[in-house]
Amino acid sequence: MSLSTALSIAQSALLATSKQTSVVSRNVADASNPDYARRVAVVTSTAPGARSVEIQRAANDLLFRQNLSALSAWSGQSALYSGMDQLDLSVNGVDNASSPSTAIANLQQALQLYATTPSNQNLGASVIDAAKQVVSSLNDGTKAIQDFRTQTDGQIATAVDDLNSLLGQFQEANKAVIAGTRSGSDVSDALDQRDAILKKIAEYVPVSTFTRGDNDMVITTKDGTTLFETVPRSVTFTPSAGYTAGAPGNTIYIDNVPLSAGAGDNASADGKLAGMLKLRDDVAATMQSQLDEIARGLITAFAETAPSKPNAAGLFTWSGAPAIPAAGTLVNGLAGSISVNAAFDPSTGGSPSLLRDGGANGAAYISNTGGGASYSDLLIAYGNRLDQPMAFDPSAGITVSSGVSDYAASAIGWFEGVRQQASTNADAKEALATRTAEALSNDTGVNVDQEMSLLLDLEHTYQASARMMKTVDDMLDALLSAVG
């Protein structure tokens, strides 16, 4: 081997080691970045004594796709569960203190106390106050639910804007990857950026990807709707200015295809957008229907009856009074319009004694025909009616046959059941997202201990190459001295 060849080999080794050291140092510097994939400097021999370094990026497409799917599922379920917590607090209050069920229980107690001393009109006034609390819980609950739906609409609109922005960022990152691939330059950083944006997109909608020539990536939703192909597809949504009970929400469209909210306690379509759609159109809407059915049950339970006369609204009234809502049929918005009949309310000139005696709808409806001050039959009957089974519309999500008081308690049980299931699903999907992220990191991330060990080996290689150059240099100096 000639001295010039030996010197060339040593120089090539030093250059290769320098590049390898740079790659390892970059790995160590970005070890804590979850979106960074480990770089590997692969040395190849291209000619006798000549070396080149190719930088390769660690990747595992299978694990990455699994992580995307897990992220989407977790994001959707998390949005669903956190929204349920907010909804429960707004409608039912802390420990269900402001729920219709609690208010109805207080009304029953006041009614029972009044029945023990029917001559005490102060107790009658207490029943009216308790009835007002029932009305307030239903009216306020309706407002809270519709405000929640409107607020969720705004959050959906913001999320759609964010998604469109991410798709625009993805387009720029994808262009950088394609350009770098075509020019033969290192595209590792561009791939990291593109994958990081893709993970953010997956939080909003479930995605599936495939890669074409020049590393060009196409994104579709899980059901096959194109989300990105060369250019982003449009994601559109028009929020509503406000909601009323029974009013449907607007749809999210991806490339003119409606986005599904999923079914059941799982937001099976996954993604934050699907979770919010399910909150707005399923959970909140069902909760409203149950309030409306409770209101209908109360109007029915306290209706005045008379021989050969139609039942008429009594203590609780509504916009269709004096008629009673049809049995077993949901009336959208009834919980928001129910009120205490002014004829019973002393604050508006009414008399609580009508609750004891009857007759708010005329003499034909008077039950206490003898005018006895201790008459309690009607009060007892009202109390019993609250517990007597009646027909409820099954579309409200509760199919049990019960009295209105039990139905109100079942409404709380229904909500707690779906919220608990959502919590369990959220925990399970969070664990899956965490495990897939850990598996991906273990396979493609940076192990600092391994990188530091490799850095030590490179240091030894550099020292050996430096010694070789020093030896060649000494030999050349000795040769030149001998010639001179």
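Modeller: Start with one definition: two strands pair if DSSP finds at least two bridges between them. Now apply it to this predicted model. Five bridges join S3 to S4, and these two strands run antiparallel.

Biologist: How many helices and strands are there in the protein?

Modeller: The protein has 11 helices and 13 strands.

Biologist: Why is the protein described as more spread out than a compact globule?

Modeller: Compare two numbers. The radius of gyration is 37 Å, while the globule rule gives 23 Å for 484 residues. The value is well over the rule, so the protein is more spread out than a compact globule. The spans of the C-alpha trace can be read next to that. Along the principal axes they are about 145 × 40 × 35 Å.

Biologist: What share of the residues in the protein is buried?

Modeller: Here you need the cut-off: buried means under 20% relative accessible area. Of the 484 residues, 45% are buried. For the outside, read the exposed area. The protein exposes about 22,000 Å², and carbon and sulfur atoms supply 52% of it.

Biologist: Which contacts join residues at least 24 apart?

Modeller: Take contacts between residues at least 6 apart in sequence. Of these, 66% join residues at least 24 apart.

Biologist: How many positive and negative side chains does the protein have?

Modeller: There are 30 positive and 49 negative ones. The centres of the two sets lie 4 Å apart.

Biologist: What joins S5 and S6?

Modeller: They pair in the antiparallel sense over two bridges. Glu229 stands opposite Val231 in S6. The hairpin has one residue between its strands: Thr230 is in the turn, with a positive phi of about 70°.

Biologist: Is S4 buried or exposed?

Modeller: Five of the five residues of S4 are buried, so the strand is largely enclosed by the rest of the structure.

Biologist: You keep quoting phi. What is the phi of most residues other than glycine?

Modeller: Most residues other than glycine have a negative phi, and most peptide bonds are trans. Now look at the loops. Asp95 is not a glycine, yet its phi is positive, about 55°. It lies in the loop between helix H2 (61-92) and helix H3 (100-116). Asn256 has a positive phi of about 70° and is not a glycine either. Its place is the loop between strand S8 (253-254) and strand S9 (257-258).

Biologist: Are Asp95 and Asn256 buried or exposed?

Modeller: The cut-off for exposed is over 50% relative accessible area. Asp95 has 74% relative accessibility, so it counts as exposed. Asn256 is exposed with 70%.

Biologist: Which peptide bond is cis, with omega near 10°?

Modeller: The bond from Ala321 to Pro322. Pro322 is in the loop between strand S12 (316-317) and helix H7 (334-337).

Biologist: One last residue. What does Arg26 touch?

Modeller: Leave out residues up to four places away in sequence. Arg26 then touches Tyr36, Arg39 and Asp189. Arg26 belongs to helix H1 (residues 3-29). At 34% relative accessibility, it counts as partly exposed. Arg26 and Arg38 are 12 residues apart in sequence, and 9.0 Å apart in space from C-alpha to C-alpha.

Key:
Residues numbered from 1 in each chain as written. Predicted model: local features only at pLDDT ≥ 70, side-chain atom pairs only at ≥ 80, totals over all residues. Heavy atoms only, no water. Helix = DSSP H or I, 4+ residues; strand = E, 2+ residues; numbered from the N terminus. Rg over C-alpha atoms; globule rule 2.2 N^0.38 Å. Buried < 20%, exposed > 50% of the residue type's maximum accessible area, 1.4 Å probe, protein only. Contact = heavy atoms within 4.5 Å. Areas by Shrake-Rupley, 256 points an atom, 1.4 Å probe, with all protein chains shown as cover. Lys, Arg positive; Asp, Glu negative; His and termini not counted. Charge placed at Lys NZ, Arg CZ, Asp CG, Glu CD.
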